[in-house]
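The following note sets out numbered remarks for a colleague reviewing the model. Please read them alongside the sequence and the coordinates.

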Amino acid sequence: MNEIISMLILPAFLLGILYLTIIKPNKKQRDSLANLQHALAIGDAVITTAGIYGKIISIDESTIILEMLDESKICFAKAAIVRKQEQKQEQKQEQKQEKEQEQEQEQEQK
């Protein structure tokens, strides 16, 4: 009887280590990603799994439409969003738009 118990202790211990090192952290990451995707709002600057940066201009139940820096629009599944952009990227977009407006004004004055 003691031999059976001692044979089961090591596998149980290894399964516990496996759970604590791999399964639990992965579950936390999935939950945090699901919360992020659920909390998306129009105007949020995001990054997709493909590495595409954009600003959300439309949200549906399972899809979103992103506007890129060049003002092109692409439709993505919500699941493709992996994180929100930092403020620096949004500031770059605003600066680019301001420069474009200044150039347009200069052209109109000529």
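**Remarks on the predicted model**

1. D44 lies in the loop between helix 1 and strand 1; helices (H or I, at least four residues) and strands (E, at least two) are DSSP runs, numbered from the N terminus. The model is a predicted one, in which local features need pLDDT of at least 70 and side-chain atom pairs count only at pLDDT 80 or more, while totals for chains, interfaces and linings use all residues. Residues are numbered from 1 along each chain as its sequence is written, and side-chain values use heavy atoms, with hydrogens and water left out.

2. Is D44 buried or exposed? D44 is buried, because its relative accessible area is 16%; buried means under 20% relative accessible area, exposed over 50%, and partly exposed in between, with a 1.4 Å probe and protein chains only. The side chain of D44 reaches the backbone nitrogen of A41 at 2.9 Å. A polar contact of 3.4 Å also joins the side chains of D44 and K84. Such a contact is a pair of N or O atoms within 3.5 Å; within protein, one must be able to donate a hydrogen and the other to accept it, and residues adjacent in sequence count only if both atoms are side-chain atoms.

3. D44 and K84 also form a salt bridge, with the closest N and O atoms 3.4 Å apart. This pair links distant parts of the chain, 40 residues apart: D44 sits in the loop between helix 1 and strand 1 (45–48), and K84 in strand 5. A salt bridge is a side-chain nitrogen of Lys or Arg within 4 Å of a carboxyl oxygen of Asp or Glu. K84 counts as partly exposed because its relative accessibility is 37%. In general, side chains of opposite charge can pair when their charged atoms come close.

4. How many salt bridges does the structure hold? There are two. Besides the pair already described, D31 forms a salt bridge with K27, and their closest N and O atoms are 3.3 Å apart. D31 and K27 are four residues apart in helix 1, so about one helical turn separates them. D31 is partly exposed, with a relative accessible area of 38%, and K27 is likewise partly exposed at 43% relative accessibility.

5. Q85 occupies the loop between strand 5 (81–84) and helix 2 (87–109). With a relative accessible area of 8%, Q85 is buried. The side chain of Q85 reaches the backbone oxygen of V46 at 2.9 Å. Q85 and I47 are 38 residues apart along the chain, and their C-alpha atoms are separated by 6.3 Å.

6. Which residues make the nonpolar surface patch of about 580 Å²? L15, L18, Y19, L20, I22 and I23 make this patch. Patches are made of residues with over 30% relative accessible area and no salt bridge: like charges are joined within 9 Å, nonpolar side chains (Val, Leu, Ile, Met, Phe, Trp, Tyr) within 5 Å. Accessible areas come from the Shrake-Rupley method with a 1.4 Å probe; for residues, only the protein chains shown count as cover. L18 is found in helix 1 (residues 2–38) and is partly exposed, with a relative accessible area of 37%.

7. A surface patch of negative charge gathers E94, E98, E102 and E106. Lys and Arg count as positive and Asp and Glu as negative, whereas His and the chain ends are not counted; the place of a charge is taken as NZ of Lys, CZ of Arg, CG of Asp or CD of Glu. E94 lies in helix 2 and counts as partly exposed at 46% relative accessibility.

8. E71 belongs to the loop between strand 3 (63–67) and strand 4 (73–77). The phi angle of E71 is near 70 degrees, a positive value in a residue other than glycine. E71 is partly exposed, with a relative accessible area of 47%.

9. A12 is placed in helix 1 and counts as partly exposed at 48% relative accessibility. A12 and K73 are 61 residues apart in sequence and 52 Å apart in space, C-alpha to C-alpha.
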